[in-house]
Amino acid sequence: MGRDVPTFTDAQAIADQISLLPTDYASVKILYNKFINAQSYEATVIEAYSEEAIANSPNYAAFEIDDEVLANLREYAMANSLFWALAEGHACEISARRNAMDNASKNAGDMINKFQILFNRTRQAVITGELVEIITGAAASEDS
(Lines give C-alpha, C1' and ligand atoms only; values in the text may rest on other atoms or scores of the structure.)
Protein backbone atom coordinates (compact mmCIF):
# COMPACT_ATOMS: atom_id res chain seq x y z
CA MET A 1 0.00 0.00 0.00
CA GLY A 2 1.26 3.46 -0.79
CA ARG A 3 3.34 2.50 -3.84
CA ASP A 4 0.56 2.46 -6.42
CA VAL A 5 -2.53 4.56 -7.02
CA PRO A 6 -4.73 4.19 -3.93
CA THR A 7 -7.90 2.17 -4.30
CA PHE A 8 -11.04 1.94 -2.23
CA THR A 9 -9.91 -1.56 -1.26
CA ASP A 10 -6.84 -0.05 0.41
CA ALA A 11 -9.01 2.40 2.31
CA GLN A 12 -11.39 -0.39 3.30
CA ALA A 13 -8.49 -2.46 4.65
CA ILE A 14 -7.39 0.47 6.84
CA ALA A 15 -10.96 1.08 8.00
CA ASP A 16 -11.27 -2.63 8.90
CA GLN A 17 -8.13 -2.42 11.02
CA ILE A 18 -9.41 0.70 12.79
CA SER A 19 -12.79 -0.91 13.48
CA LEU A 20 -11.05 -3.94 15.00
CA LEU A 21 -9.25 -1.82 17.60
CA PRO A 22 -10.28 -2.73 21.16
CA THR A 23 -10.95 0.88 22.18
CA ASP A 24 -14.10 2.79 21.34
CA TYR A 25 -13.89 6.25 19.88
CA ALA A 26 -16.16 9.24 19.29
CA SER A 27 -14.41 10.23 16.08
CA VAL A 28 -11.32 9.48 14.02
CA LYS A 29 -9.37 12.46 12.74
CA ILE A 30 -7.58 11.88 9.46
CA LEU A 31 -4.70 14.24 8.69
CA TYR A 32 -3.74 14.37 5.02
CA ASN A 33 -2.20 16.63 2.39
CA LYS A 34 -4.93 18.49 0.53
CA PHE A 35 -4.06 19.20 -3.10
CA ILE A 36 -4.51 22.89 -3.90
CA ASN A 37 -2.60 23.30 -7.16
CA ALA A 38 0.51 21.96 -8.86
CA GLN A 39 2.85 23.91 -6.57
CA SER A 40 1.07 23.82 -3.24
CA TYR A 41 -0.85 21.65 -0.84
CA GLU A 42 -1.76 21.99 2.81
CA ALA A 43 -2.27 19.73 5.78
CA THR A 44 -5.99 19.23 6.41
CA VAL A 45 -8.05 17.26 8.92
CA ILE A 46 -11.28 15.39 8.16
CA GLU A 47 -13.29 13.39 10.64
CA ALA A 48 -14.87 9.95 10.48
CA TYR A 49 -17.57 9.84 13.15
CA SER A 50 -18.75 7.11 15.51
CA GLU A 51 -22.11 5.37 15.28
CA GLU A 52 -23.49 7.56 18.06
CA ALA A 53 -22.39 10.77 16.34
CA ILE A 54 -23.95 9.60 13.06
CA ALA A 55 -27.22 8.66 14.81
CA ASN A 56 -27.35 12.07 16.53
CA SER A 57 -26.67 14.07 13.36
CA PRO A 58 -29.50 16.40 12.30
CA ASN A 59 -30.14 14.78 8.89
CA TYR A 60 -30.09 11.20 10.17
CA ALA A 61 -33.82 11.19 10.96
CA ALA A 62 -34.63 11.92 7.30
CA PHE A 63 -33.51 8.41 6.37
CA GLU A 64 -34.86 5.08 7.52
CA ILE A 65 -31.73 3.27 8.69
CA ASP A 66 -31.83 0.11 10.79
CA ASP A 67 -29.57 -0.07 13.82
CA GLU A 68 -27.82 -3.14 12.36
CA VAL A 69 -26.85 -1.13 9.27
CA LEU A 70 -25.45 1.77 11.27
CA ALA A 71 -22.15 -0.01 12.00
CA ASN A 72 -21.69 -0.73 8.30
CA LEU A 73 -22.56 2.88 7.46
CA ARG A 74 -19.94 4.12 9.92
CA GLU A 75 -17.28 1.83 8.49
CA TYR A 76 -18.21 2.79 4.91
CA ALA A 77 -18.09 6.50 5.79
CA MET A 78 -14.67 6.00 7.39
CA ALA A 79 -13.39 4.07 4.37
CA ASN A 80 -14.73 6.80 2.10
CA SER A 81 -12.94 9.51 4.12
CA LEU A 82 -9.74 7.46 4.13
CA PHE A 83 -9.98 6.92 0.37
CA TRP A 84 -10.42 10.65 -0.13
CA ALA A 85 -7.34 11.33 2.01
CA LEU A 86 -5.29 8.68 0.18
CA ALA A 87 -6.29 10.03 -3.23
CA GLU A 88 -5.48 13.62 -2.26
CA GLY A 89 -2.15 12.54 -0.78
CA HIS A 90 -1.30 10.62 -3.93
CA ALA A 91 -2.09 13.68 -6.08
CA CYS A 92 0.22 15.77 -3.89
CA GLU A 93 2.99 13.19 -4.19
CA ILE A 94 2.72 13.02 -7.99
CA SER A 95 2.73 16.83 -8.15
CA ALA A 96 5.82 17.03 -5.92
CA ARG A 97 7.62 14.42 -8.04
CA ARG A 98 6.73 16.26 -11.22
CA ASN A 99 7.99 19.56 -9.80
CA ALA A 100 11.21 17.89 -8.65
CA MET A 101 11.80 16.38 -12.10
CA ASP A 102 11.09 19.73 -13.77
CA ASN A 103 13.58 21.48 -11.47
CA ALA A 104 16.18 18.76 -12.09
CA SER A 105 15.72 19.12 -15.86
CA LYS A 106 16.15 22.90 -15.65
CA ASN A 107 19.27 22.51 -13.49
CA ALA A 108 20.72 19.95 -15.90
CA GLY A 109 20.08 22.34 -18.81
CA ASP A 110 21.87 25.14 -16.95
CA MET A 111 24.83 22.84 -16.22
CA ILE A 112 25.02 21.78 -19.88
CA ASN A 113 25.05 25.43 -20.98
CA LYS A 114 27.81 26.31 -18.50
CA PHE A 115 29.97 23.37 -19.57
CA GLN A 116 29.34 24.15 -23.25
CA ILE A 117 30.61 27.71 -22.70
CA LEU A 118 33.64 26.41 -20.77
CA PHE A 119 34.37 23.86 -23.51
CA ASN A 120 34.12 26.52 -26.25
CA ARG A 121 36.41 28.93 -24.38
CA THR A 122 38.98 26.19 -23.78
CA ARG A 123 38.85 25.14 -27.44
CA GLN A 124 39.22 28.77 -28.52
CA ALA A 125 42.25 29.19 -26.24
CA VAL A 126 43.89 26.06 -27.70
CA ILE A 127 43.27 27.24 -31.27
CA THR A 128 44.62 30.70 -30.44
CA GLY A 129 47.73 29.12 -28.88
CA GLU A 130 48.31 27.00 -31.99
CA LEU A 131 47.90 30.04 -34.26
CA VAL A 132 50.43 31.97 -32.16
CA GLU A 133 52.90 29.06 -32.52
CA ILE A 134 52.38 28.91 -36.31
CA ILE A 135 52.79 32.67 -36.71
CA THR A 136 55.85 32.70 -34.43
CA GLY A 137 57.41 29.80 -36.38
CA ALA A 138 56.70 31.49 -39.72
CA ALA A 139 58.18 34.77 -38.50
CA ALA A 140 61.27 32.95 -37.18
CA SER A 141 61.83 31.15 -40.53
CA GLU A 142 61.61 34.45 -42.47
CA ASP A 143 64.26 36.03 -40.21
CA SER A 144 66.79 33.29 -40.89
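**Entry 1: salt bridges**

A salt bridge here is a side-chain nitrogen of Lys or Arg within 4 Å of a carboxyl oxygen of Asp or Glu. I note at the outset that the model is predicted. With that cut-off in hand I looked up Glu93 and Arg97. Their side chains meet in a salt bridge, 2.7 Å from N to O. Glu93 and Arg97 sit 4 residues apart in helix H3, so about one helical turn separates them. I checked how open each one is. Glu93 is partly exposed, with a relative accessible area of 30%. Arg97 counts as exposed, at 52% relative accessibility.

How many salt bridges does the rule give? The count comes to 3.

I went on to Asp102 and Lys106. These side chains also form a salt bridge, at 3.5 Å from N to O. Asp102 and Lys106 are 4 residues apart in helix H3, so the spacing is again about one helical turn. Asp102 counts as partly exposed, at 39% relative accessibility.

Then I looked at Glu51 and Arg74. Glu51 forms a salt bridge with Arg74, and their closest N and O atoms are 3.6 Å apart. Which parts of the chain does this pair tie together? Glu51 lies in helix H2 and Arg74 in helix H3, so the bridge links parts that are 23 residues apart in sequence. Is Arg74 buried or exposed? Arg74 is buried, because its relative accessible area is 11% and the limit for buried is under 20%. Glu51 is partly exposed, at 30%.

**Entry 2: the core**

The largest nonpolar core has 13 residues. Those with the most contacts inside it are Ala15, Ile18, Tyr25, Val28, Ile30, Met78 and Leu82. Which elements supply at least two residues each? They are helix H1 (8-19), strand S1 (27-37), strand S2 (40-49) and H3. H3 gives the largest share of this core, 4 residues. In soluble globular proteins, nonpolar side chains tend to be buried together.

**Entry 3: surface patches**

Next I looked at the outside. Ile127, Leu131, Ile134 and Ile135 make a nonpolar surface patch of about 410 Å². I took Ile134 as my example from this patch. Ile134 is found in helix H3. At 58% relative accessibility, Ile134 counts as exposed.

I then found a patch of negative charge on the surface. Glu64, Asp66, Asp67 and Glu68 gather there. Where is Glu64 found? Glu64 is in the loop between helix H2 (51-55) and helix H3 (67-143). Glu64 counts as exposed, at 86% relative accessibility.

Last, I checked two long spans. Ala62 is found in the loop between H2 and H3. Ala62 counts as exposed, at 65% relative accessibility. From C-alpha to C-alpha, Ala62 and Asn120 are 78 Å apart in space. In sequence, Ala62 and Asn120 are 58 residues apart.

Arg123 lies in helix H3. I logged Arg123 as partly exposed, at 45% relative accessibility. Arg123 and Gln17 are 106 residues apart along the chain, and their C-alpha atoms are separated by 67 Å.

How values were computed
Residues are numbered from 1 along each chain as its sequence is written. This is a predicted model: local features need pLDDT of at least 70, side-chain atom pairs count only at pLDDT 80 or more; totals for chains, interfaces and linings use all residues. Side-chain values use heavy atoms; hydrogens and water are left out. Patches are made of residues with over 30% relative accessible area and no salt bridge: like charges are joined within 9 Å, nonpolar side chains (Val, Leu, Ile, Met, Phe, Trp, Tyr) within 5 Å. Accessible areas come from the Shrake-Rupley method with a 1.4 Å probe; for residues, only the protein chains shown count as cover. Lys and Arg count as positive and Asp and Glu as negative; His and the chain ends are not counted. The place of a charge is taken as NZ of Lys, CZ of Arg, CG of Asp or CD of Glu. Buried means under 20% relative accessible area, exposed over 50%, partly exposed in between (1.4 Å probe, protein chains only). A nonpolar core is a set of buried Ala, Val, Leu, Ile, Met, Phe, Trp, Tyr and Cys residues joined through side-chain atoms within 4.5 Å.
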